[in-house]
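Here are some questions and answers on a protein model and its ligand. The sequence and structure come first.

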Amino acid sequence: MKILLHVCCGPCSLYPVVSLKEQGVEPVGFFFNPNIHPFRELERRIEALEAVSSALDFPVIWDTGGYGLASWLSALDGRFDMVSRCPVCYRLRLEETARRARQMNIPVISSTLLYSRYQRHELILETGRSVAKAYGLDFYYEDFRKGWQQGIDASIELGIYRQPYCGCVFSEAERYSKRIDRLMNRLASSSHEHAGSIKEM
Ligand code: SF4
C-alpha cells in the first residue's frame, strides 16, 4: 500500500517512515509547509529532510511554489493566537496533501505531525480524517508519538538539524518569550541608568 505522507520536517519523519516501512507500507513524502519562517529556517529544515530522504531511501515530493510566508499569513486572516491559528495551519497543509494525493492516485494520506508530542494530536487526526473524506481518500492513523525517543536518537545519529520551535514566527516568539522579556528588562534598566547619568551631567 502506498501512502502520501505529509512531512513537516526531517526529525519528525524518521520514526514514522521506519514504522510504515516495517509494516510493508510504501510512504511517499510530501513537503508542503508554508508555515515555516523565516526563509533560512525553511532552508535548514529542507536540508535536514533531504538527509533523511537519502538515508532512508524515502522519496519526497517538494512543494516548489515558493516561500509561503505571504500565502500562509493571508490564510490566517488575522487569527494569530495559538488557539485559532494552528487549526488553520493544519488544515491548509493536510488539504494540500489530499489534493496532491488525488492528483497522484494515491488513496491514503497521513502526516508526520502525528509524531510530535508538542502538536495538537487529536486535532491533527480530526482534520486529517475530515480532509481525506472530502477528497474521497482514507486517512492512515498511527500514534507515532510512541517512537519519540527512537526518532530523537536517529536524528542525533544522522547529525541533522533539530529545530527549536514549531515553525511560524509566532511559535518562535512563544518559544523565546522568557528570553525576550529578559532582554527587554535589561534594555529598560540600562535606559533607566543612562537617563539617570545624563541628568547628573
Ligand atoms: S505553532 Fe506550528 S502548527 Fe501552530 S500555526 Fe505555528 S507553525 Fe502552524
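Q: Does aspartate 77 count as buried, partly exposed or exposed?
A: In this predicted model, aspartate 77 lies in the loop between H3 and H4. Its relative accessibility is 61%. The cut-off for exposed is over 50%, so aspartate 77 counts as exposed.

Q: How is the aromatic pair of phenylalanine 31 and tryptophan 62 classed: stacked, tilted or edge-to-face?
A: The two rings are 5.5 Å centre to centre, with 50° between the planes. Planes under 30 degrees apart count as stacked and over 60 as edge-to-face, so the rest are tilted. The pair of phenylalanine 31 and tryptophan 62 is therefore tilted.

Q: How many residues apart in sequence are the parts that this pair ties together?
A: Phenylalanine 31 is buried, at 4% relative accessible area, whereas tryptophan 62 is partly exposed at 27%. Phenylalanine 31 belongs to strand E2 (residues 26-31) and tryptophan 62 to strand E3 (residues 60-62), so the parts tied together are apart by 31 residues.

Q: Which helix gives the most residues to the shell around the ligand?
A: The ligand sits in the largest pocket. Residues around the ligand include Arg85, Cys86, Cys89, Tyr90 and Arg93. By class, the shell has 6 nonpolar, 3 polar and 2 charged residues. The most, 5 residues, come from H4.

Q: Over the ring of which residue does the charged end of arginine 44 sit?
A: Arginine 45 lies over the face of tyrosine 165, at 5.3 Å from the ring centre. For arginine 44, the charged end is 3.8 Å from the centre of the ring of tyrosine 161.

Q: Is the peptide bond from histidine 37 to proline 38 cis or trans?
A: Proline 38 is in the loop between E2 and helix H2 (39-56). The bond has omega near -10° and is cis.

Technical notes. Residues are numbered from 1 along each chain as its sequence is written. This is a predicted model: local features need pLDDT of at least 70, side-chain atom pairs count only at pLDDT 80 or more; totals for chains, interfaces and linings use all residues. Side-chain values use heavy atoms; hydrogens and water are left out. Rings of Phe, Tyr and Trp (its six-membered ring) pair if their centres lie within 6.5 Å; planes under 30 degrees apart count as stacked, over 60 as edge-to-face and the rest as tilted. Helices (H or I, at least four residues) and strands (E, at least two) are DSSP runs, numbered from the N terminus. Buried means under 20% relative accessible area, exposed over 50%, partly exposed in between (1.4 Å probe, protein chains only). A charge sits over a ring if NZ of Lys or CZ of Arg is within 6 Å of the ring centre and within 35 degrees of the ring normal. A residue is near a molecule or strand if one of its heavy atoms lies within 4 Å of it. On a 1 Å grid over the protein atoms alone, a cavity is a set of points where a 1.4 Å probe fits but cannot get out, and a pocket is an open set with protein on both sides within 12 Å along at least five of seven lines; lining residues have an atom within 4 Å of a point. A molecule sits in a cavity or pocket if more than half of its atoms lie within 2 Å of its grid points. Ala, Val, Leu, Ile, Met, Phe, Trp, Tyr, Cys and Pro count as nonpolar, Asp, Glu, Lys and Arg as charged, and the others, Gly among them, as polar.
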